[in-house]
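Subject: Model for you to look at

Hi,

Here is the structure I promised to pass on. Have a look, and then read on for what I found in it.

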Amino acid sequence: MKQRYQNRIELLQGTLDLLILQTLRWGAQHGYGIALAIRANSGDILQVDTGSLYPALHRLERQKLIAAEWKLSENNQRVRVYRLSAAGKKRLASERSRWAQISQAIAGILGPAGEESEA
Amino acid sequence: MKFPWGDGEQRKKELNEEIVSHLQMAARDREARGESPTQAADAARRELGNAGVVQDVTHDQWAWTWLEDLLQDVRHSLRTLRKSPGFTSIAVLTLALGIGANTTIFSMVDSIVLRPLPIKDPDQTAVLAFHKGNGPLQFRFSVPDYQELGDQASASFSGLMCYLSGMDGLAVNGKSDRIMTNYVSGNYFSVLGLKPALGRLILPSEGETLGADPVMVLSYSYWQVHFGGDPNVVGRAVSVNGHPITIVGIAPAGFHGMSPFLSVQGFLPLGMASIGVYPKDFMVNRGERLVIVTGRLQPGITLQQAQSSLGVIGQRLSQTYPNTDEAMNIQAFLRLQAADPQHTTLVISGLFLGLAALVLLLACTNVANFLLVRATAREREMAIRAALGAVRSRLIRQLLTESVVLAFLGGVAGLLLGYFGSSTLGSIHLQTDLPVQFDFGFDWRVFTYALVVALLTGVIVGIAPAIRSSSGLATVLREGGRGIAGGKYRLRRALAVAQVAGSLMLLIIAGLYARSLMEAQRIDLGFDSSHVLNLSMDPNQIGNSEAQGREFYKNLLDRVRALPGVESASIAAVVPLGYLSNADTPVIDGYEPPTSQSVPPFLYNVISPDYFETMRIPMVRGRTFTSADDANTQYVGIVNEAMSKQFWPNQDPIGHHFKLGSEPGHSIEVVGVVKDSRFDSITSPIAPFFYLPFAQHYTFNSLETLQVRTYAAPEAMMPEIQRTIATLSPDLLVFDVETMRQGLYTLGGLLGFQIGAGLAASLGGLGLILAIVGVYGVVSFAASQRTHEIGIRMALGASPADVLKMVFREGAMIVLVGLAIGLAAAFAAGRVARNFLVVSATDPVTYVTVSVLLATIALAACYIPARRAMRVDPMVALRYE
């Protein structure tokens, strides 16, 4: 249990938006579902803080990157379900390529892992 | 339109439901994993954190994010700016100079052009004017014509009022003052929609009969200043021009009559104009055009619709009264059009607003340059922010906020500078004792203007650096910070070129004005302004009869001539280049005007015999006036050469006759011709002008200016002459006391050039400083970027002189290209200004001098970085990289 907490990574500012958009690419989902999906898909490393999940969802909704509607869940519970809008799909694509650029750049600075261990 | 937080309550409820459902789902999952229901619910809640806070924060996403972001950006900007006080203060000062210059000029334009009169719905009022045939536009109507207009134009105008202006003597408890008055029709105040501050205003029933209704309404400010705001002033008996008058009320605060420049201090009924110096039959004589007519349009009626109905009335008047109103074409104008039919004010305003905007642009380019340098230094910061997830638009916004905050600070400082500038301008003495109203005070329009200018400045200054420094961020990180200076450097060079061009244009305009002032001061005015004193007075203002007035002036001239040190003395109704003028459309015997009946009005003067001696205007032919020319002898006149040439070409005008349009009863015989001299303008061609003897035209010319030519310095004689006047008439008000030299500095005289030269020179000086800073900055930046290269060159054997040449070439290119563009721009701006100049708008002296001056100073500014580059130690430079 303790181990798992140490391995958790604070999400970089702005990255949460990218993760939400990416998660919604697989279909409409409610907030709790999105949190579960991010945790599961990151192998339990990224744990979404609910305190920032809902502000992020509503921010994205306001920016019209995602749309929301009320639906009944399989447990017959009223839930607010989010899905990706056309603008959201476009934003996701550009954010993905930007992320790729940055991680490439950072990797470039850090250099190949092999060198590190040689030293 | 829905506000983002408009449906807040509904959203809050839904948000609550969303969070609750989240908690339920989380608890259910935990129960499924074997926790007890209470444990599961607690854990889920713990995991979520404070549900209230989460809801609040989420809710805020809808409402205040933009404001929060803005506040955060502003806070961040202020912090950043505080960290570099040097940069901040220079940038703020630079922008303050630019914004201050703009605010000053704008406050002037505002008070002259934009500020509406403090009356009800000023947009609905229109000033009437007319042409006769092809004649010039005239704004003065006769009272009978005004009355018919009022009766017939009611379909277009809900009311038409009229007024005429005068300067009168107001005596309160034996103390006299000279005030500007309006004699107004009874409906004057009701048409303007004004309510009294105290007592009552002029009533519609008043003013119909000559000499009836001896009442007066004071302006609010006159009441405040001269009566200390005493409410008991209502009902007080005073005297105006020696006639008993009762003060019945106070006009509303801020209202000074219909002129934007002059401040009316007392309002009397139209019929009371009998106490002023007006023809006694002006209420009934259709040929006596004295009153200005202003109307309020009926609701829903446009100016064009009113025009067409006025056209019909004009035709009717022409047919009914062909003697006086033939071919009368009546039109309506907005107040501004009426005040400025030639658009002179608009053109001058536009010119100077343009020049001020140019100064601001120069300031902007400088600050943009500073920001570019900073942006280079901050590339890494930006790259890291971007890596942390900041969106590019957010970064641009943050940088823009920074420059807008900077510009805003500059705007506040600029308002202070502008206030200083406009109070300096407002305190210029116009060489007149008329109650001139030059209130360049700041109103909301000036503040709004400054704010908008500051915001625009912030965006203009910040947009290029912001976009540049937020692009290519990945490159920065990859390359480890060598940056993208090359691209920015091209932009900076272009900015410096623009600065040189802009400041050259400003300086050339300033030079043209300065040269015009110099030329105007040297121009032969046709009279000798040195050693002459002017003192104006009007015996009618203390109730003197015509006989008393004639006697007074005769005695005055005798006594003053007898004073030691006086060479000659004379009186004249009009002083050259002054603010008053006499005009008439004379009928010349035996002269048929070409094509139409339009003879423009000529200016004339009413003078005493020694006038030409005092002014030193040479006689060309014939004789001057003598004391023998009086009311009982043949009426005589003297014309200038221009009038002689126009009406009696190749003839001797002496012995020919003409009649005054306003006084057709007397035939005037030309007895002399004098040399042309300048009366109303320094620049325009000299127009026909004539002189009439005072003794034959006293009635409407009781206001005269005593002119005294002295042997020694004229100022020293002033007290003695004033004492002489006081002995003869102790109560008489003497005004516009000045030397003739000072009298030349009026708005129509030299003052216009002086103000123009001063303003243009201030703007040009600012522009020059900004351009020098710009060129210096670019050249030294370029040199410092090339330190490495210079080091290599020197190591390879380049001499210091080669390096000097290299750096100079950089500066010289900027200066040369800037000069070429600036000359072209100045040429264009000169065309706009040419009507207000004495020298040609393409005056080569100005263009060459200013260009050489600017080039020299700009190249001198390059010398400092060039020297620094020359001293580069190759070893240090190479090691540094």
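Let me start in chain B, where strand β6 (residues 215-218) runs parallel to β8(B), joined to it by four bridges. Leu218(B) sits opposite Ile250(B) of β8(B). Strands here are DSSP runs of E of at least two residues, helices are runs of H or I of at least four, and both are numbered from the N terminus. Two strands count as paired if DSSP finds at least two bridges between them.

Before I go further, some housekeeping: this is a predicted model, so I used local features only at pLDDT of at least 70 and side-chain atom pairs only at pLDDT 80 or more, while totals for chains, interfaces and linings use all residues. Residues are numbered from 1 along each chain as its sequence is written, and chains are lettered from A and ligands numbered from 1 in the order in which they are written.

Back to β8(B). Strand β7 (residues 237-240) of chain B pairs with β8(B) in the antiparallel sense over four bridges, with Val238(B) opposite Ile245(B). The hairpin of β7(B) and β8(B) has two residues between the strands, and Asn241(B) there takes a positive phi near 50°. Strand β5 (residues 198-199) of chain B is also antiparallel to β8 (residues 243-250), over two bridges, and Gly199(B) has Gly249(B) as its bridge partner.

Now the helix packing in chain B. Helices α23 (residues 750-785) and α25 (residues 800-833) pack at about 145° with their axes 10 Å apart; axes are lines fitted to C-alpha atoms over the stretch in contact, and angles run from 0 to 180 degrees between N-to-C directions. On the α23(B) side, the residues in contact include Val775(B), Val778(B) and Ala782(B), and on the α25(B) side Val807(B), Gly811(B) and Ile814(B) are among them. Contact means C-beta atoms, placed from the backbone, within 7 Å.

Helices α18 (residues 546-562) and α21 (residues 714-728) of chain B pack at about 145° too, with axes 10 Å apart, and their crossing is right-handed. Phe552(B), Leu556(B) and Arg559(B) are among the α18(B) residues involved, and Ile721(B) and Leu728(B) are among those from α21(B).

Which residue did I look at in the loop between β10 (289-297) and α9 (303-320) of chain B? Ile301(B). Ile301(B) counts as partly exposed because it has 17 C-beta neighbours inside 10 Å (20 or more would be buried, 12 or fewer exposed, with C-beta atoms placed from the backbone). Leaving out residues up to four places away in sequence, Ile301(B) touches Ser156(B) and Ala306(B).

Finally, chain A: six helices and three strands, with buried residues making up 24% of its 119 residues. The strands form an open antiparallel sheet in the order β1-β3-β2. β1 (29-30) and β2 (66-72) of chain A each have a single partner strand, so one side of each lacks a neighbour in the sheet. Helix α2 (residues 15-24) of chain A packs on that sheet, touching β1, β2 and β3, at about 95° to the direction of β3(A).

One thing to watch: pLDDT (the predictor's confidence in each residue, from 0 to 100) stays under 50 over residues 1-10 of chain A. Chain A averages 78, and 82% of its residues score at least 70.

Cheers

Key:
Contact = placed C-beta atoms within 7 Å. Left-handed = near helix turned anticlockwise from the far one by under 90°.
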